[in-house]
Amino acid sequence: QVQLVESGGGLVQAGGSLRLSCAASGRTFSNHAMGWFRQAPGKEREFVAASGSSTYYTDSVKGRFTISRDNAKNTVSLQMNSLKPDDTAVYYCAAATVMGTTADVYRYWGQGTQVTVSS
């Protein structure tokens, strides 16, 4: 079992930055792929970034978001720069035993943290 707790969401103006963090506990963190997903109102949950054997980003955040992990501290972060109103969503941290970019791969999920970008 892996428990995930996100933090760092909030309200920011367009062009600003936020850093999301996810603290993991339970099974060995370093053995898991870690991903960030987001879900905007009325939309399906979508992949944002993942870190494992490789690092992946969805096209809309490439060059603006950076995922990083500290296996010693059991944390994974998402640095979000040049934020846009379209980035507004609830952001979820997730863990999987295999690398993937789709939600069905991820078994463990955090509760989510709200990110709101005003124009």
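Biologist: Is Cys93 buried or exposed?
Modeller: The model is predicted. In it, Cys93 has a relative accessible area of 0%. The cut-off for burial is under 20%, so Cys93 is buried.

Biologist: Which residue does a disulfide join to Cys93?
Modeller: The structure holds one disulfide. Its S to S distance is 2.1 Å, and a disulfide requires sulfur atoms within 2.5 Å. The partner of Cys93 is Cys22.

Biologist: How many residues apart in sequence are the parts that this pair ties together?
Modeller: Cys22 lies in strand E3, residues 18–26.

Biologist: Is the link of Cys22 and Cys93 left-handed or right-handed?
Modeller: The angle about the S-S bond is -80°. With that angle, the link of Cys22 and Cys93 is left-handed.

Biologist: Which side chain makes a polar contact of 2.9 Å with the side chain of Asp87?
Modeller: Asp87 sits in the loop between strand E8 (75–80) and E9. Asp87 counts as buried because its relative accessibility is 2%. Residues that Asp87 touches include Arg64, Phe65 and Val115. The side chain in the 2.9 Å polar contact is that of Arg38.

Biologist: Which residue's backbone nitrogen does the Asp87 side chain reach?
Modeller: Besides the side-chain contact with Arg38, Asp87 has a backbone partner. At 2.8 Å, its side chain reaches the backbone nitrogen of Lys84.

How values were computed: Residues are numbered from 1 along each chain as its sequence is written. This is a predicted model: local features need pLDDT of at least 70, side-chain atom pairs count only at pLDDT 80 or more; totals for chains, interfaces and linings use all residues. Side-chain values use heavy atoms; hydrogens and water are left out. Helices (H or I, at least four residues) and strands (E, at least two) are DSSP runs, numbered from the N terminus. Buried means under 20% relative accessible area, exposed over 50%, partly exposed in between (1.4 Å probe, protein chains only). A polar contact is a pair of N or O atoms within 3.5 Å; within protein, one must be able to donate a hydrogen and the other to accept it, and residues adjacent in sequence count only if both atoms are side-chain atoms. Contact means heavy atoms within 4.5 Å. Lists of a residue's contacts leave out its neighbours within four places in sequence.
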